[in-house]
Amino acid sequence: MADRVRTYAYLLLYIALSSGQIFFNKWVLSSKEINFPYPLGLTLLHMVFSSVLCFLVTKVFKIMKVEEGMTAEIYLTSVVPIGAMFAMTLWLGNTAYLYISVAFAQMLKAIMPVAVFILGVAAGLEVMSCRMLLIMSVISFGVLVASIGEININWVGVVYQMGGVVGEALRLIFMEIFVKRKGLKLNPISVMYYVSPCSALCLFIPWIFLEKPRIDASGSWNFPPVVLALNSLCTFALNLSVFLVITHTSALTIRVAGVIKDWVVVLLSALLFADTKLTIVNLFGYAIAIAGVAAYNNHKLKKEATRRTSDDKENAQSVQLTSPSGPNK
C-alpha cells in the first residue's frame, strides 16, 4: 500500500512539475513584470544551473552516482550530438511561446511520434508498415484539424515549434543509437551530468551573437535573480522527478502520465493565459492526435515487450548450452 501511494505521489509530482514548468517559462518570457523576452538566455541559464547542481549532487555531496564507462570517443560521437539537439529543442520550443499560446504549442507537439518515426526509418531503426502508416496519418490529421481550429495562428511560432519537434526527434534517435550501438546505458542524472555542460556551450555561442547585443542595447541587466533562479531550480526538479518516475514505475505508466500532463497543460492554459482561446475544432483535432499517440505508444510498448521476451529466451538457451554436464557414471 505504501509503495502504491509513493508511486502515485511521484506521478503527481511529475505531472505538476512538468505542467508548472511550461507555464512558468511562458510567464517569464511573456510577462511585462519580469521583462525577460530572451528564450535563448533562459535556456542557457537552465543548462548552466543544471550543470552546477549535477556536479554538486554527484561529486560534492555524492547523493547520486554517475554511471561509469564514458570515454572521450563516446562523448564526442554521442553525447555532443545529443546535447546539441537538446539545446536546439529547448531554445526553439521556448522561443515559440513568444508567438503562440501554450495550448497550441502543446497540440503541435503531438506530431512528435511522426517526426521520430520518419527519422527512425531514415536511420534504419524503424520499419515502415501499414499499421504505422495508419497511426502516423491519424496523428497528422489530428494536428492539422487542431491547427485549422486555432483562432490566432502565428506561422513564425509554428515554425519555431516544429523546429523544436525536429530537434527533440533527432535527440531521441541519437539516444537510441547511443544505447543500441554504443551499449552504454545511463540513468537520467548521469545523462544530465554529461549532456548539460555540452548543451550550455551549444547555447552560449549563439547567445553571444543573437541575444547579448539586444540586452546590451536595452541598457538593462537588472533582471529578477530570485525568479530566474527559482525557474532554473524548477527545471532541475523536473529532471529529478523524471528520474524518480522511471525508477518506480513502468514505461506504460510514464507514457500515460505524459498524455494526462498534455491535457492538463492544454486545459489549464485556457484559464491562465489571455492569449489562449480554445475552440471545439481545436479540442476535437487534439483528441484525434492523442488517440494516434496512444496507439503509437501501445505499439512501441508491445514491440519492446516482444524484444525483451526474445532476449530472455536467447539468454536462457545460451545458459543451457554452456552449462556443464553432470559427471559420467
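Counting as a disulfide a pair of cysteine sulfur atoms within 2.5 Å, the total is zero disulfides. Cys-202 is in no disulfide, and the nearest cysteine sulfur, that of Cys-198, is 4.3 Å away. Cys-234 is likewise in no disulfide, its nearest cysteine sulfur being that of Cys-54 at 16 Å. The model is predicted: local features need pLDDT of at least 70 and side-chain atom pairs pLDDT 80 or more, while totals for chains, interfaces and linings use all residues. Residues are numbered from 1 along each chain as its sequence is written, and side-chain values use heavy atoms, without hydrogens and water.

Buried means under 20% relative accessible area, exposed over 50%, and partly exposed in between (1.4 Å probe, protein chains only).

| Residue | Relative accessible area | Class |
|---|---|---|
| Cys-202 | 30% | partly exposed |
| Cys-234 | 23% | partly exposed |
| Ile-205 | 46% | partly exposed |

Ile-205 lies in helix H8 (residues 188–210); helices are DSSP runs of H or I with at least four residues, numbered from the N terminus. Together with Leu-201, Phe-204, Ile-208, Phe-209 and Leu-210, Ile-205 makes a nonpolar surface patch of about 600 Å².

The largest cavity has a volume of about 30 Å³. A cavity is a set of points on a 1 Å grid where a 1.4 Å probe fits but cannot get out, and lining residues have an atom within 4 Å of a point. Its lining includes Pro-188, Met-192 and Phe-243. Helix H10 (225–248) and H8 each supply at least two lining residues, and H10 gives the most, with four.

Notes: Patches are made of residues with over 30% relative accessible area and no salt bridge: like charges are joined within 9 Å, nonpolar side chains (Val, Leu, Ile, Met, Phe, Trp, Tyr) within 5 Å. Accessible areas come from the Shrake-Rupley method with a 1.4 Å probe; for residues, only the protein chains shown count as cover. A salt bridge is a side-chain nitrogen of Lys or Arg within 4 Å of a carboxyl oxygen of Asp or Glu. On a 1 Å grid over the protein atoms alone, a cavity is a set of points where a 1.4 Å probe fits but cannot get out, and a pocket is an open set with protein on both sides within 12 Å along at least five of seven lines; lining residues have an atom within 4 Å of a point. Grid points are joined across faces, edges and corners, and a volume is the space filled by probe spheres set on the points.
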